[in-house]
Amino acid sequence: MPLKLAVVFLCLGIAAADSPYRFFNWNVTYGTIYPLGVPQQGILINGQFPGPEISSVTNDNIIVNVFNTLTHPFLIHWSGVQNRRNSYEDGVIGTTCPIPPGQNFTYILQMKDQIGSFFYFPSLDFHKAAGGFGGIKILSRPLIPVPFDPPTDDYTLLLGDWYNKNHTALKAILDGGKKLPFPDGVLINGRGPNGTSFSVQQGKTYRLRLCNVGLQNSLNFRIQGHKMKVVEIEGTHTMQISYSSLDIHLGQCMSVLITADQPPQDYYIVVSTRFTTKVLTTTAYLRYANSNRAASGPLPGGPTTQIDWSLSQARSFRTNLTASGPRPNPQGSYHYGMINTTKTIRLASGAGQVGGKQRYGINSVSFKAPDTPMKLADFFKISGVYRVGSISDAPTGGGIYLDTSVLGVDYRAFIEIIFENPEDILHSYHLSGYSFWVVGMDGGQWNSASRNQYNLRDAVSRSTVQVYPKSWTAIYVALDNVGMWNLRSELWARQYLGHQMYVRVYTDSTSLRDEYPIPKNALLCGRAKGRHTRPL
């Protein structure tokens, strides 16, 4: 197997020769799980729920051979991993053919110029509601300074709301044109209330990587008697501010440092839903070594429906301009606020009925999956799969309709995107292939005067951002990564019912400096089936 993978890698020619390789063999199966005490069908990776963690270092080459032993096609998406110049590996329906049942596919990724906390998950159908997700940590290279001392340990906490129904039953509800019910509980690393613990030693400091891998709700995270110092958000080292509780919205990740500075005993870790009438709560334990006392007292309280509180906290996150990122130069050396934007794109969420069934969309277009990944259609020049410009770059005000929505943008442009949310719920958006600067967010309708309040100095660069109810969020993006990139809602039922689109960053250049060629081992499906990738 290593020899075969090395040949595949040689065909791609995508990574620096001096960057290490890390090989993974993953067997994806169904299995019975009991996260909330009720037996249900889960998706396991190597028998694990959640799946195994990928621990890597900047620029590492990650080779993941995935065997699909499910009864349905399967894809894994690497949320937050930018797959520089290589959107073929992104693992979403617009770029990558699914792995058929009983077959395998080898993903070849490089953690190029990235650090931070991310996760992977299954992107097809409603598989995410059955598991198949796991953490990704990208550490800084040796000799690259990190703006805090090495922690005693580094824990990943995958947080998320959860349903007792099998994913197939949830999918059937959505396919029938209905909305999902409220979730049944909240999990921490696949466990329900009091189902897991994290060990600490008094006086030591620990890093917790917190990711919301759920389906429907923002979450609030807190630890009884302990402050949390935010140090990293999706690959950006931040100003180190301490908080008693933190909002983590769908698809988002962040790192905090905690110091075990309390008397040795057990303390509650609490996660609860935000902006919900009914509040779901779960607990775990922070367990001191030599603890002889169980956690006690009331659970630490947290915010529930307060939007202003969350908005204020989000605005307090700032980039540490003097800290190094994945490279030794300071994060503040790229002066994004001094670059003129070349285009403004306004994207508004919407909901409606199509053919008597519930759908969601962006700028009135509800995404309809193509019969062939658009990235393959580009490579093989297959017409009729999609149309560039099938979605407007501003809200139309019309009703929801179906189309394979692809927005074309210019390679190397520097653009402004405004996410507009006229609805009464919070949205969370992810853009694959990129990190972007979150320059502003506020209530009401965005207009050109809103730019006066933009943060043009130390905004956090990240890949997932929330848009509060009846509000807007503005981001700046440097379009330096050629490819077909998924822009989606992280509210997974809405994503499944069309609340997504693709951004086509295109060049006709054939230089490897701009884009890697199609992988030699790429699966071919739809109208690309029977064709050939490229000669060795």
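**Salt bridges and disulfides**

Reply: The structure holds 26 salt bridges, a salt bridge being a side-chain nitrogen of Lys or Arg within 4 Å of a carboxyl oxygen of Asp or Glu. Keep in mind that this is a predicted model, where local features need pLDDT of at least 70, side-chain atom pairs count only at pLDDT 80 or more, and totals for chains, interfaces and linings use all residues. Residues are numbered from 1 along each chain as its sequence is written, and side-chain values use heavy atoms, with hydrogens and water left out.

Me: How many residues apart in sequence are Asp113 and Arg327?

Reply: Their side chains meet in a salt bridge, 2.7 Å from N to O. Asp113 lies in the loop between strand E6 (104–110) and strand E7 (116–122), and Arg327 in the loop between helix H3 (307–316) and strand E20 (343–354), so the pair ties together parts whose separation in sequence is 214 residues. (Helices, H or I with at least four residues, and strands, E with at least two, are DSSP runs numbered from the N terminus.)

Me: Are Lys137 and Asp154 buried or exposed?

Reply: These two side chains meet in a salt bridge at 3.4 Å, N to O. Lys137 sits in strand E8 (residues 134–139) and Asp154 in strand E9 (residues 153–162), 17 residues apart. Buried means under 20% relative accessible area, exposed over 50%, and partly exposed in between (1.4 Å probe, protein chains only); Lys137 and Asp154 are both buried.

Me: Which residues are linked with Lys137 and Asp154 in a network of salt bridges?

Reply: Lys137 and Asp154 already pair with each other. The network that links them also takes in Glu53 and Arg209.

Me: How many disulfides does a search of the whole structure find?

Reply: Here a disulfide is a pair of cysteine sulfur atoms within 2.5 Å. Cys97 and Cys525 form one, with their sulfur atoms 2.1 Å apart, and another joins Cys211 to Cys253. The search of the whole structure finds two.

Me: What pattern do the disulfides of the chain follow?

Reply: Cys211 in strand E12 (residues 205–212) and Cys253 in strand E17 (residues 253–259) are 42 residues apart, while Cys97 and Cys525 are 428 residues apart. With bonded cysteines counted along the chain, the pattern is 1-4, 2-3.
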